[in-house]
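These are my notebook entries on a single protein chain. I record below what I looked up, entry by entry.

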Amino acid sequence: MDFKKKERNENPKESASLLSKTFFLWVMKIIFRGKEVKEDEVPKPMKDDVSDTLGSRLHKRWMETLVQANAKGQRPSLIKAVLKEFGPRYLTLGLVFFLSDILSGLVRPFLLGKLLSHFSPSSTSSQVEGVLYALGLCSTFFFGSLLMEQYFVASQMSGVQLRVACISVVYRKCLRLGRNAFASTSAGQIVNLISNDVSRFEMAGVLVNCMIYTPLVAIILFYMVLTTTGIPGFVGFSFVLVIMAIQGYNGKLASKFRLQMAKRTDERVRLMDEIISGIQVIKMYAWEKPFESLICEARRREVSAYRKTAYLRATHHVFNIFTTRMALFLTMLTVVLLESQLTAEFVFVLSLYFTQLTFSLTGLFVRGFQEIAECYVSIKRLEEFLLQDEFGSKIDYATYRNPNLFKNKKSHDKMNGSANGAELYHHNYENGFINQAFEKEREDQTAYSVEMKNVNARWLPNSNDLTLKNINLKIKKGMMVGVIGTVGAGKSSLLQLLLGELETCQGEIKIKGTVSYSSQEAWIFAGSVRQNILFGQEYNKRRYNRVTKACSLERDFELLPRGDLTLVGERGASLSGGQKARINLARAVYKEVDIYLLDDPLSAVDAHVGKHLFQDCLEDFLHGKTIILVTHQIHHLTHADHLVLLNNNAIEMQGPFWELQNAGLDYSAFMETSESIKDGSEEVNFQKQISRSISYASTKSHSSNYGKDEFEQVNDFETTEREKEETTHLPTKELYLGYLKAGINYCGAFIILLMFAFTQVLASGCDYWVTYWTSIEISRQNQPDPKLWNSITFSVFHGIIVLILFISASIRGISFYEATINCTRGIHRKMFKSVIGTHLSFFHNNPSGRILNRFSKDLGSVDELLSKALMDVGQCFGMIIGALTITVMINQWFIIPIIIITIISGYVRQIFVHISKNLKRIEGVARSPVFSHLNATLQGLTTIRVNKAEKQLLEEFDQHQDYHTGSLFLFYSSTTAFSYALTCLSNSFITIVILSFLIFHNTGSNIGLTINQVVVIGIYLQWGIRMSAEITNQMTSCERLLEYTKFELEENNPDRKQKVPEKWPTHGQLEMKHVYLRYSKSEPYVIKDLSLTIQPKQKVSKTFYRNIICTFQVKYS
């Protein structure tokens, strides 16, 4: 959180020419320059893809939807807001898809029919007409592929726009989230929303137009099939529609199972977030095994829901390879039963129609239905989150979550607040949310800063239990007020009430003046110490030095490698509890305001440091300011102007210290045991800890350049962080084997490969059988031969092949998805065991957002995206290999262009994969700061709102999103350019095949089969290339997961393998002999030659106890 905008290079597409944009030439320059794209070369996103713009537009639409829903007494719909904002763009892109579908679905079969008629013995067309038909057929491949590639990249980026906009709206909601909303919402759930849920939008953006325009093309195809083939065509077409209906129902089931899986993923990520947050406690008490059992059970329940979705996907792939062949079989069987004649033109034109229909209707359309169904579930989950209660909002979100709460017109009008709803909602990021609760006017010295009259408050609106009740309090300006009470009495809740975080249900509160706040649990974000203190405010050297001196930070700065510019980890992992508390206090004190709310800032520091803070900071530096101090250290409050005793959530007594003492108040009940002040106790303790890694960056050298600009150092820190994530090897054979070994053995993998091969042999054999049968029927018509099988026998044999194909494809799909499920379960099990079992320093050196990124987004990608891509590639390239095999069987000379094009394609792919993996890795690195920033925001939400830093944090969050979007833009553009390059090569081969028939004449059946096979190549190569690149890139996520399975485990430490007696422990004795400890192998010892014995039942002082705890923390690091 450095509050400084980082400049990046302009997007290269912005300055590219129309020709370069059309044929992706600007991307080719990046791909073929032979260099990896560096992190600082990631450009700005396109102007239409900027996070701030997209988030603001969708947020505006959502607010309009809220007002309209409020006026009608209905639940607001996020889908309506999304359609209003992004619908027109998707419809425009749909026209490109529709034109491409017309070329491939209507024009191509028509020209194929004309070309086959040209080669029939009874043809009367000229050679020129045949050439024109051939050239026209070839041009449909080139123009169709260009249109499709442009559509793919544009629709993918539209999906990115929707994803970015939704994440931005979610983050804005987080900044406004009410405290009571956390009763039903966890940080893990929010992380899951912005990782797995919104990832559905990109593929849904590609397939949404398939659902809109494919039915129109299907209606036209249906008409053409009926007019040209009659009843046989109707039978085959009807079967395709039946399969589409079955697939549509499967899509409905998929949305149901997706919702189940999302909820269970939420639970697992929530548990993971809690484990990361409490890892020190878990390791201290050796709770790794119980938490491992909890996570394994949560993962098992998640996988059980995913298995249902996987089986539905297996069904989709079965129908994809089965539908065309079954439809063609039924059509040919109907022709035979009607005693009509089978011709090459009839069979292969109809086969091409069915191929296109299957790819569009039961392929893209049904796949789109499933993706949209899952996307719908994700949007509803986002909507549910956006309807959580907000801080300082006039909207009653409970009525939106349950519109039945609109009981009558009167309550409805009351909720409207105004006739036009204009005042229903307003938030100003510049002025901050806190202005809604505080008045800024200043009054004279005798005025009250805080007045509370008969105030009742509760955290949960529907709860009957009051958090605070009957609070009456008046605080004059400049007073120091101490708030005391037992644990749970409501002291912190009183401060939350004054901050507006806890809303009143009765009474009146008046606060006059500006406010600053120091939280009970210190909030430290990843950045420099100075950044944590300034928190976006201007640097005033004089005030800054006075604040750090008053907060006893000067000595710390001397010992830190870079002084106050030293970078600390997330949550201040590299700082002691006292240091974090004093930095947290310094942040509140540095802000010059009228009222300071301090929640127990002295509890985490030693007694002498607490005395210094109270005298120098609270009494001296903040003299004349209104201070409300919550504390258990009563001995400091003898100098307070006023004391408030809370008991059972109400004020039991209040007044000056002596007045309460005379009234018989026993202060010892609320006082912490006084500690003996030992000179330099905290300082000595700190010196023992200072040798640890103070920041993620390299801070071991004390010769750092102190004159270097702070923001440059932060940029160096972030670059170092990204380099840590980038220091991974490229995916290799070991990576793929590591994925497979996690779930199956070599024998299982070989059997699955055999099933893929056997299924493809059946599919290609079925296609070849159609050609053989057609040629026999044509020869039978010209010269009957009684030795040949009759048509019924051919039909039966054809049906048997199709039936076996269905069974084989089903077994293949189920076994494949079961194998991938076992692989991901095995990886997760090893990864979690490795992470929770490794040294504590791992959690100090890695932000929680990065770790959650692995367990949410990366694991979700391997779970779903990788398995889908593997299946798609296996099926697509199986069909391509089968098509090439049949083509070579018809004409052996075709092997020459196949070899040449394969060599060129291999060279192009090698270049691209190297670039693509690098871009995907950068994309993964760019994603982590988004999660880390969100986590840090949720942890310090109250502090952020008090400091009115929402606007700055939103701007920084948008920067993280823009960096991620820029990396995604390069990745998608390079993938599309690579796909187009290889598609052009395949189209060249198709052109060679088609034109060769004009030179070397062949039978109509062979020509029809060959052209149908090359059409299959054209259709599936484009998708197969994309999915092969997707595999390579999703394996980057797998690689990141496998990295987390290789950590050094604490249990492998030889010192920990000592046998423990069966009856241990028999008594509570602690003995250490000549102990040397350090935080990591690369660090110096922080405990040297320590020998001590604590006898059973012996009591030790708190200061000594803290040092022992510190020793254990080092031990377990």
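Entry 1. Is helix 6 (residues 187-197) mostly covered or mostly open, and how many of its residues are buried? I worked from a predicted model. I found helix 6 mostly covered, with 11 of its 11 residues buried. Among them are Ala 187 and Gly 188, then Ile 190 and Val 191, and also Asn 196 and Asp 197.

I next looked up what covers them. The buried residues of helix 6 pack against helix 5, helix 7 (200-229), helix 8 (231-277), helix 11 (344-386), helix 27 (848-890) and helix 28 (895-939).

Entry 2. Ser 856 counts as buried because its relative accessibility is 0%, and the cut-off for buried is under 20%. Leaving aside residues up to four places away in sequence, I find Ser 856 touching Val 191, Ser 195, Asn 196 and Val 269. Val 191, Ser 195 and Asn 196 are themselves among the buried residues of helix 6.

Entry 3. At what angle do helix 3 and helix 5 pack? For helix 3 (residues 51-72) and helix 5 (residues 127-176) I read an angle of about 70 degrees, with the axes 8 Å apart. Helix 3 is therefore roughly perpendicular to helix 5, since angles of 65 to 115 degrees count as such.

On the helix 3 side, the residues that meet helix 5 include Ser 51, Asp 52, Leu 54 and His 59. On the helix 5 side I noted, among others, Gln 161, Val 164, Arg 172 and Arg 176. The residues of this contact divide into six nonpolar, six polar and three charged.

Strand 1 (residues 448-457) pairs with strand 2 over six bridges, and Ala 457 stands opposite Leu 468 of strand 2.

Entry 4. Lastly I looked up the confidence. The chain has a mean pLDDT of 80, and 84% of its residues reach 70 or more. Over residues 672-731 pLDDT stays under 50, and the model has 135 contacts for this stretch beyond four places in sequence. Residues 1113-1117 also have pLDDT below 50, with 17 contacts beyond near neighbours in sequence.

Notes: Residues numbered from 1 in each chain as written. Predicted model: local features only at pLDDT ≥ 70, side-chain atom pairs only at ≥ 80, totals over all residues. Heavy atoms only, no water. Axes fitted to C-alpha atoms, helices over the stretch in contact; angles between N-to-C directions. Helix = DSSP H or I, 4+ residues; strand = E, 2+ residues; numbered from the N terminus. Parallel < 35°, antiparallel > 145°, perpendicular 65-115°, else oblique. Contact = heavy atoms within 4.5 Å. Nonpolar A, V, L, I, M, F, W, Y, C, P; charged D, E, K, R; others polar. Buried < 20%, exposed > 50% of the residue type's maximum accessible area, 1.4 Å probe, protein only. pLDDT = per-residue confidence, 0-100. Pairing = 2+ DSSP bridges.
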